[in-house]
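Here's a quick walk through the model on your screen. Keep the sequence handy as you read.

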Amino acid sequence: RYCPVCKEHQLATKKFDLWSLPEVLIIHLKRFSYTRLWKEKLDTLVEFPLRDLDLSEFLINPKARNSKYDLIAVSNHYGSLRDGHYTTIARNKDDGHWYYFDDSKVTFASAEHIVVSEGGLTPGLIPTSSPLHPLPISVTSSGPLHP
């Protein structure tokens, strides 16, 4: 990053703390990298838990509650910088089942079908203790979300 004080580029990391968390959390991960000479789609593997993503380490409010979230949806991008296609896998709040959405086509899916491919991922999360939470997740493994 460019430092306005020393007027040079410096290695830097970004960090932010949270006071409280929303009832529904959507995380949009950076999918593209831009430099002066090159633009490319990132294909970094993203591991993501289906249950109990704990964000308590980012909360600075000692009285904050509901720091654990369960995954309820993932939006994936397939394609390149110039064009592509989006699909979604989401849990139905009434029956707790996973569904795959691809344009006008909706089919059943399972937790094992939730993959992050080609670097495109936008997960939707809901607190584990939320009254909006779908029925219990039926998963054969509680491992991370990855291709």
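## Cysteines

A disulfide here is a pair of cysteine sulfur atoms within 2.5 Å. By that cut-off, the structure holds zero disulfides. Cys3 isn't in one, and its nearest cysteine sulfur, that of Cys6, is 3.6 Å away. Cys6 is likewise in no disulfide, with the sulfur of Cys3 at 3.6 Å. Cys6 is partly exposed, with a relative accessible area of 37%; buried means under 20%, exposed over 50%, and partly exposed in between (1.4 Å probe, protein chains only).

## Ground rules

This is a predicted model: local features need pLDDT of at least 70, side-chain atom pairs count only at pLDDT 80 or more, and totals for chains, interfaces and linings use all residues. Residues are numbered from 1 along each chain as its sequence is written, and side-chain values use heavy atoms, with hydrogens and water left out.

## The nonpolar core

A nonpolar core is a set of buried Ala, Val, Leu, Ile, Met, Phe, Trp, Tyr and Cys residues joined through side-chain atoms within 4.5 Å. The largest one has 15 residues, and Leu50, Leu55, Leu71, Trp98 and Ile114 have the most contacts inside it. Strand 8 (residues 68–79) gives the largest share of this core, three residues. Strands are DSSP runs (E, at least two residues), numbered from the N terminus. As a general note, nonpolar side chains in soluble globular proteins tend to be buried together.

Two strands pair if DSSP finds at least two bridges between them. Strand 9 (residues 84–91) runs antiparallel to strand 10 (residues 98–102), joined by four bridges. One of the residues to look at is Thr88, whose bridge partner in strand 10 is Phe101. Six residues sit between the strands of this hairpin, and Gly96 takes a positive phi near 75°.

Strand 10 also runs antiparallel to strand 11 (residues 105–109), this time with five bridges. Trp98 has Ala109 as its bridge partner in strand 11. The hairpin of strand 10 and strand 11 has two residues between the strands, and Asp103 takes a positive phi near 55°.

Back in strand 9, have a look at Thr87. Thr87 is buried at a relative accessible area of 3%. Leaving aside neighbours within four places in sequence, its contacts (heavy atoms within 4.5 Å) are Val74, Ser75, Asn76, Tyr78, Tyr100, Phe101 and Asp102.

## The aromatic pair

Rings of Phe, Tyr and Trp (its six-membered ring) pair if their centres lie within 6.5 Å; planes under 30 degrees apart count as stacked, over 60 as edge-to-face, and the rest as tilted. That rule gives one aromatic pair. The ring centres of Tyr99 and Phe108 are 5.1 Å apart and the planes are at 35°, so this pair is tilted. Tyr99 is buried, with a relative accessible area of 15%, while Phe108 is exposed at 65%.

## Salt bridges

A salt bridge needs a side-chain nitrogen of Lys or Arg within 4 Å of a carboxyl oxygen of Asp or Glu. The count comes to two. In one, Arg51 meets Asp70, with the closest N and O atoms 4.0 Å apart. This pair links distant parts of the chain, 19 residues apart: Arg51 is in the loop between strand 6 (48–49) and strand 7 (53–54), and Asp70 is in strand 8. Arg51 is partly exposed at a relative accessible area of 38%, whereas Asp70 is buried at 0%.

Another salt bridge joins the side chains of Lys93 and Asp94 (3.2 Å, N to O). Both of these residues, Lys93 and Asp94, are exposed.
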